[in-house]
Amino acid sequence: MATASGQTLARSVHVVLLSPVDPSGLAGLRKNLQDLGYVEGRNIRLDVRSAGGQIDHLPGLAEAVVREGGIDAILAQSFPAAIAAYRATQTIPIVAIVGIDPVASGLAESLAHPGHNVTGMAIFAEETDIKLVELLREIAPRAVRFAAVTAITGGGNLSLGAVQDTGRKLGFDVEIIKIADPADLATALSPEVLSRFDAFMFPPDVVLSGHKAEVVKLIGLSNKPAVFPSSDWAESGGVLSFGPDLAEVGRHMILQLDRVLKGEKPRDLPFGRPTKFALNINLHTARAMGIELSPTLLVRADKVID
C-alpha cells in the first residue's frame with residue numbers, strides 16, 4: 001500500500017475507534033484515510049466501539065478491545081476515551097483527540113515528547129472556554145447570571161474552573177448545569193430551569209455534541225443568548241460558536257495514525273495543537289430570538305449564516 005510519504009505497508013492493519021458517542025464524523029475520517037491510501041476491506045479494518053453516551057462504559061469497552069488482540073492502533077475520541085484506553089493498555093499505540101492538557105492529565109510527559117503510548121491532538125478546551133465566556137459577555141452585555149451546560153464525562157471537564165473564574169471577572173454569576181444522561185436533556189434544560197438564567201455557555205463536550213438539534217431547540221425556546229464550542233453548532237441553529245477547525249484536527253489525527261502504523265512510536269510523536277479557529281454566527285437565529293449583535297462582532301465573524 002503506497003502512502004503519502006511513499007512508504008508501503010506489507011500487510012493489512014486493524015484500527016479500533018473508541019468513542020463516548022456514536023461518532024458523527026466517520027465519513028471525514030474515512031476520507032482522510034483514503035487520502036493516505038488506506039482502503040477498508042483491502043488494507044485496513046476499521047472497527048467502531050461506542051459507549052452510546054454512557055461514559056462509564058468506556059473502560060469496559062477499552063478492556064474488551066485489548067483482550068480481542070490483533071489491534072495495531074486505537075483511535076480515541078475525547079479525553080475519557082483516551083484515558084480508558086491508556087489504562088487498559090500501555091503497549092498498543094493510541095492516537096487521541098483530547099480536550100484537556102495531556103500532560104496535566106497524565107497521558108503524556110510533555111507535548112513534544114509524550115513518552116508513553118499516546119499521541120494525537122490536544123485542543124486545550126480551557127482556552128476555548130475563556131474565549132466563549134468573553135464572547136457571551138459581548139452578545140449579552142446586560143446579563144447577570146449564566147449557566148455553563150456540560151455532560152458529566154469522567155474528568156473531561158477539568159477546564160470549568162476557567163469558565164467560572166472568567167465569568168466572575170466579567171461580572172457574571174456562574175452556575176454549572178451537569179447532565180448525567182443525555183436522555184434527560186428535556187428535564188435538565190426545561191423552561192423552568194432555563195428561566196433562572198440570562199444566558200448560556202456550552203464548553204466543548206463530545207457527549208452533548210451528539211445531541212445538537214435537541215439542545216439548540218431547547219435553548220431556542222428560552223429566547224436567551226447562548227454560545228457554543230464548534231462551527232457545526234452555529235450551522236445547527238446555535239446563535240454563536242467559536243472553536244478549532246475540526247476538519248483540520250481530524251486530518252492531523254489521521255496523519256499521526258499513519259506514522260504510527262508505519263512504525264513510529266507514539267512516545268516520540270509530539271502532540272499537535274489546532275492552528276485554525278473559527279467564529280461563526282447564525283444571524284437568522286439571533287433575529288428570530290430578538291438578540292441584537294453588534295456590527296463589530298459581525299465583522300469579526302469567519303462565517304455569518306443568514
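**View 1. Strand E10 (residues 240-244) and E11 run antiparallel and are joined by five bridges.** Strands here are DSSP E runs of at least two residues, helices are H or I runs of at least four, and both are numbered from the N terminus. Two strands count as paired if DSSP finds at least two bridges between them. Look for Gly243, whose bridge partner in E11 is Ala278. E11 also pairs with strand E12 (residues 303-305), this time in the parallel sense, over three bridges. There, Asn282 stands opposite Ile305 of E12. Five of the six residues of E11 (residues 277-282) are buried, so this strand is largely enclosed by the rest of the structure. Buried means under 20% relative accessible area, exposed over 50%, and partly exposed in between, with a 1.4 Å probe and protein chains only.

A quick note on the model: it is predicted, so local features need pLDDT of at least 70 and side-chain atom pairs count only at pLDDT 80 or more, while totals for chains, interfaces and linings use all residues. Residues are numbered from 1 along each chain as its sequence is written, and side-chain values use heavy atoms, with hydrogens and water left out.

**View 2. An open sheet is built from five strands in the order E2-E1-E3-E4-E5, with parallel pairing.** Strand E2 (44-50) and strand E5 (118-122) are the edges; each has a single partner strand, so one side of each is left without a neighbour in the sheet. On average, neighbouring strands of this sheet are turned by 20 degrees against each other, direction ignored. Val95 stands opposite Thr119 in E5. Helix H1 (residues 26-35) packs on the sheet, touching strand E1 (13-19), E2 and strand E3 (73-77), and its direction makes about 155 degrees with that of E2. Axes are lines fitted to C-alpha atoms, for helices over the stretch in contact, and angles run from 0 to 180 degrees between N-to-C directions. Contact means heavy atoms within 4.5 Å.

**View 3. Helix H2 (residues 58-68) and helix H3 (residues 79-88) cross at roughly 45 degrees, their axes coming within 8 Å.** The two helices are therefore oblique to each other (angles under 35 degrees count as roughly parallel, over 145 as roughly antiparallel, 65 to 115 as roughly perpendicular and the rest as oblique). Leu58, Pro59, Ala62, Glu63 and Val66 of H2 make the contact with Pro80, Ala81, Ala84, Ala85 and Ala88 of H3.

**View 4. Helix H4 (residues 125-139) packs against helix H5 (residues 160-169) at an angle of about 30 degrees, with axes 9 Å apart.** That makes H4 roughly parallel to H5, and the crossing is right-handed. Glu126, Asp129, Ile130, Val133 and Glu134 in H4 meet Ala162, Val163, Thr166 and Gly167 in H5.

**View 5. Ser78 and Phe124 are residues other than glycine with positive phi values.** Most residues other than glycine have a negative phi. For Ser78, in the loop between E3 and H3, phi is near 100 degrees. Phe124, in the loop between E5 and H4, has phi near 55 degrees. Ser78 is buried, with a relative accessible area of 9%, and Phe124 counts as buried at 14% relative accessibility.

Definitions and conventions:
Left-handed = near helix turned anticlockwise from the far one by under 90°.
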